[in-house]
Amino acid sequence: MPGTPPTRFVFLGPEGTFAEQALRSIPAAERGTRTPARSVGEALDGVRAGDADAALVPLENSIGGAVGVTLDEMAEGEPLVITREVILSVQFVLAARPDTPLTSIRTVAAHPQASTQCRGWLRNHLPDAVVVDVLSNGAAAAGAGTGEYDAAICAPIGASRHRLTTLADKIADHPDAVTRFALVSRPGPPPPPTGDDLTSLAVYIAHDRVGALLSVLMELAVRGVNLTRIESRPTGEALGRYVFFLDCTGHVADVRLGEALQGLRRVCADVRFLGSYPRHRWAEAGERPVSAPAGLSDVDYADAAAWLTRLRTGELT
């Protein structure tokens with residue numbers, strides 16, 4: 001992050017959840033203070049009020065999709081910007097107090113989304129156990145730790161936090177599931193471009209204009225800006241009124257993305273800039289940024305701009 005490095009972090013709590021695990025993967029957060037919040041709104045309001053330097057909140061899950069409350073909170077209220085993304089592999093474990101055999105488990109605490117993602121494992125290994133819904137993965141681990149439940153489906157960090165023994169790991173039906181988190185701060189200069197960045201936007205289209213959404217997409221496409229995600233959310237104004245959340249490859253400092261942003265400003269009812277930040281890097285995946293088509297790279301734009309400048313000054317070469 002630009003300027004003074006953040007030292008006070010808040011995250012969607014409680015402790016012992018995937019959000020805390022993701023936050024602790026950021027070196028500055030591991031060294032700083034980490035405070036759990038009761039909701040996404042509370043976490044973001046803490047940053048707005050200056051009680052925290054940055055908040056880590058979930059954006060989307062590869063199984064459950066976008067986290068609507070986070071998108072809504074980012075689109076409304078005092079502006080905030082994303083400065084970093086963290087993508088965490090969601091590895092659920094079944095944990096219980098030490099010396100608890102699998103055959104003795106009759107109750108399993110789990111957040112509804114967690115039990116849904118582990119439905120197949122539960123059916124095959126604990127068909128007679130009663131699954132009890134709780135508010136979070138951290139609460140599930142805490143309940144198992146106090147003996148309120150025989151076991152919990154939780155994050156590995158929750159099991160260790162409450163001194164539970166892992167009876168089974170990687171129990172999710174989709175072993176490659178991931179959750180994408182955003183580190184959010186108050187507005188300021190974005191992190192410098194790395195060559196592999198994302199820019200997030202909230203775009204309000206003109207609802208009385210035919211082809212308004214197509215116009216938005218064309219502003220990106222004609223400049224070779226790759227759209228990696230588009231998500232719509234109701235604005236709350238009336239039925240059929242939506243705000244569109246876009247993730248694009250590139251950085252606000254890039255020439256072609258800058259021109260695309262100017263184009264969106266012209267054709268949209270409103271555009272909220274949600275940040276330019278480095279893409280999460282997988283150590284083993286070998287992912288590469290999507291290259292701009294021929295004629296649409298930043299070098300091409302710079303060359304064309306220099307050529308136009310020469311024409312305007314009377315040089316024809």
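In helix α3, the buried residues (buried meaning under 20% relative accessible area, with exposed over 50% and partly exposed in between, for a 1.4 Å probe and protein chains only) are Val-40, Gly-41, Ala-43, Leu-44, Gly-46, Val-47 and Arg-48. The model is predicted, so local features need pLDDT of at least 70 and side-chain atom pairs count only at pLDDT 80 or more, whereas totals for chains, interfaces and linings use all residues. Residues are numbered from 1 along each chain as its sequence is written, and side-chain values use heavy atoms, with hydrogens and water left out.

Helix α3 spans residues 40-48, and because 7 of its 9 residues are buried, the helix is largely enclosed by the rest of the structure. Helices (H or I, at least four residues) and strands (E, at least two) are DSSP runs, numbered from the N terminus. The buried residues of α3 pack against the strands β1 (8-12), β2 (33-37), β3 (54-61) and β11 (178-185), and against helix α4 (68-75).

An open sheet is formed by 5 strands in the order β8-β7-β9-β6-β10, with mixed pairing. Two strands pair if DSSP finds at least two bridges between them. At the edges of the sheet are β8 (130-133) and β10 (165-169), each of which pairs on one side only. On average, neighbouring strands of this sheet are turned by 30° against each other, direction ignored. Axes are lines fitted to C-alpha atoms, for helices over the stretch in contact, and angles run from 0 to 180 degrees between N-to-C directions.

Strands β6 (residues 93-96) and β9 (residues 151-154) pair in the antiparallel sense over 3 bridges; Ala-95 has Ala-152 in β9 as its bridge partner. Helix α7 (residues 137-146) lies across β6, β7 (107-110) and β9, and runs at about 160° to β9.

The ring centres of Phe-18 and Phe-92 are 5.2 Å apart and the planes stand at 85°, so the pair is edge-to-face. Phe-18 belongs to helix α1 (residues 18-23) and Phe-92 to the loop between β5 (81-89) and β6, 74 residues apart, and the pair thus links distant parts of the chain. Phe-18 is buried, at a relative accessible area of 7%, and Phe-92 is buried at 4%.

Terms used. Contact = heavy atoms within 4.5 Å. Phe/Tyr/Trp six-rings, centres within 6.5 Å; stacked < 30°, edge-to-face > 60°.
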